[in-house]
Amino acid sequence: MNTADLQNTQMLVAKNDLRTFKFEHSPRLTAADLAEGQVLFDVEYFALTANNITYAVAGDSMGYWQFFPAGEDWGRIPVWGFAHVSASKHPDVAMGDRVYGYLPMGTQLVIQAERVSEKQMVDGSAHRAGLAPVYNQLLRVNPSPDADADALQMLYRPLFMTSWLLDDFLAHNDFFGASQIILTSASSKTSFGLAFMLAQRGDIKVIGLTSPGNVDFVNSLGVYDEVVTYDNITSLDAKTESVVVDMAGNGSTLAAVHNHFDSALRYSCLVGATHWNERSGAQEMAGPEPELFFAPNHIKERSAEWGPGGLENRFDTGWQSFTAKVGNWVTVQNCRGEEAVGQLYTQLLAGQAPPDVGYVANVGSV
Ligand SMILES: NC(=O)c1ccc[n+]([C@@H]2O[C@H](COP(=O)([O-])OP(=O)(O)OC[C@H]3O[C@@H](n4cnc5c(N)ncnc54)[C@H](OP(=O)(O)O)[C@@H]3O)[C@@H](O)[C@H]2O)c1
């Protein structure tokens, strides 16, 4: 056994400077460290995308540091991934049980297992009280790992839920009277998931805004009607009634879209902040006041209309069609060990990770 495997390793990020990080090591936790009702997990692997960087950027303002507390100055970035039970002091959770859900960038995790059922368990630790329930659930999954299916789930499911909801929200509002939807960070998984859904409707034009280096990738997806670079926004017809969905959070880019379309901009929807270091570019803008997309509100509205299982069934149809395609668009790459994960994190933070690779990571060595 590798000596590193005898340790519990956790990646910590400095809250006041996300470029600074360290790996903290402590003796590997065992059953002897657990209190009644607690469960110890070994993290198998997790996905890492710009979405996780946004969790860190919004760590203080939106509470993302509270999921896996690491003191005042350091934070543990939440990730979506798979883990299995290595010790349990809960009668209904057994060694080897596997789950999918919100995990830290580390090798081990202890939860206070509550509301344990055949389908899921909930982390009822004191520090989790008051946090959004969806993040506190760990879903039980098949005990035999299927690396390909797991990669699709980790990389896309949390993002595609937002893409799918946005598509439904826009269509439900008759696209606010617009005939085209403009998506920023068109190369991001959340944007191309939305473009995929919109393209299937056929009655709305989809324009992707991206960086010059990502144009070929975005064009190759075949889900955008037109792809334009950020410095070429004025080439678009300013009279065409449009909606912008902003995944980049870059103040200058959003202002350029607003000022170019002015009153032809029918709706401005804020979703992400991939260009997290350009957010301060906010300035006076023509057109409508941007509105933050709050997915839980839309879920609530549609769940009430569609009844039990209605939203889930419709989402599953979209998910099946998306996953049948996306495997050909993005190559999955495994990233294992502290050095590799540290390098990947630095690359993602700087926006230097190629959009045609989906990263599956583990800070441990096995
Ligand atoms: N509100 C919600 O509920 C919700 C849910 C899901 C996702 N989101 C947000 O949607 C965004 C996309 O997430 P994702 O995981 O889908 O992204 P991703 O696939 O990792 O996106 C990668 C792309 O983002 C852009 N990018 C990333 N880092 C950058 C940087 N430092 N500087 C400049 N550009 C950068 C680049 O695209 P371009 O060159 O095309 O700009 C890059 O190709 C995130 O901000 C995420 O938080 C929000």
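Phe-176 is placed in the loop between α3 and β10 (180-183). Helices and strands here are DSSP runs, numbered from the N terminus (helices H or I, at least four residues; strands E, at least two). The model is predicted: local features need pLDDT of at least 70 and side-chain atom pairs count only at pLDDT 80 or more, while totals for chains, interfaces and linings use all residues. Residue numbers start from 1 along each chain as its sequence is written.

## Backbone and exposure at selected residues

Although Phe-176 is not a glycine, its phi is positive, at about 55°. Most residues other than glycine have a negative phi. Phe-176 counts as partly exposed because 16 other C-beta atoms lie within 10 Å. In this scheme, with C-beta atoms placed from the backbone, a residue with 20 or more other C-beta atoms within 10 Å of its own is buried, one with 12 or fewer is exposed, and one in between is partly exposed.

Asp-262, also not a glycine, has a positive phi of about 50°. Asp-262 belongs to the loop between α6 (251-261) and β14 (265-270). Since Asp-262 has 12 C-beta neighbours inside 10 Å, this residue counts as exposed.

Lys-325 lies in helix α8, which spans residues 310-326. With 13 C-beta neighbours inside 10 Å, Lys-325 is classed as partly exposed. In sequence, Lys-325 and Leu-221 are 104 residues apart, whereas in space their C-alpha atoms are 9.5 Å apart.

## Domains and their contact

The domain assignment, which is automatic or taken from a database, gives domain 1 (3-145 + 330-362) and domain 2 (158-298). Their C-alpha centres are 31 Å apart. Contact between the domains involves 9 residues of domain 1 and 11 residues of domain 2; two residues are in contact if their C-beta atoms, placed from the backbone, lie within 7 Å. On the side of domain 1 that touches domain 2, α1 gives the most, with 5 residues. By class, that side of domain 1 holds 5 nonpolar, 3 polar and 1 charged residues. Nonpolar residues are Ala, Val, Leu, Ile, Met, Phe, Trp, Tyr, Cys and Pro, charged ones are Asp, Glu, Lys and Arg, and the others, Gly among them, are polar.

## The ligand shell

Which residues are closest to the ligand? They are Thr-49, Thr-54, Ser-188, Gly-272 and Gly-351, within a shell of 27 residues that surround the ligand. Two or more shell residues come from each of α1 (50-57), α3 (147-172) and α4 (189-201). The most is given by α1, with 3 residues. By class, the shell divides into 11 nonpolar, 15 polar and 1 charged residues. Because domain 1 (3-145 + 330-362) and domain 2 (158-298) both give residues to the shell, the ligand lies between them.

## Strand pairing

Two strands pair if DSSP finds at least two bridges between them. Selected pairs are tabulated below.

| Strand pair | Sense | Bridges |
|---|---|---|
| β1 (residues 7-14) and β2 | antiparallel | 7 bridges |
| β5 (residues 78-88) and β6 | antiparallel | 7 bridges |
| β6 and β9 (residues 137-141) | antiparallel | 4 bridges |
| β13 (residues 242-246) and β14 | parallel | 5 bridges |

Strand β6 (residues 98-104) is largely enclosed by the rest of the structure, because 6 of its 7 residues are buried. Tyr-100 in β6 is the bridge partner of Phe-82, and Val-141 in β9 is the bridge partner of Arg-98.

Asn-8 stands opposite Ser-26 in β2.

Another open sheet has 6 strands in the order β12-β11-β10-β13-β14-β15, with parallel pairing. The edge strands here are β12 (226-229) and β15 (291-292), each pairing on one side only. Val-243 stands opposite Tyr-267 in β14. Helix α4 packs on this sheet and touches β10, β11 (205-210) and β13. The direction of α4 makes about 165° with that of β11; axes are lines fitted to C-alpha atoms, for helices over the stretch in contact, and angles run from 0 to 180 degrees between N-to-C directions.

Technical notes: A residue is near a molecule or strand if its C-beta atom, placed from the backbone, lies within 6 Å of it.
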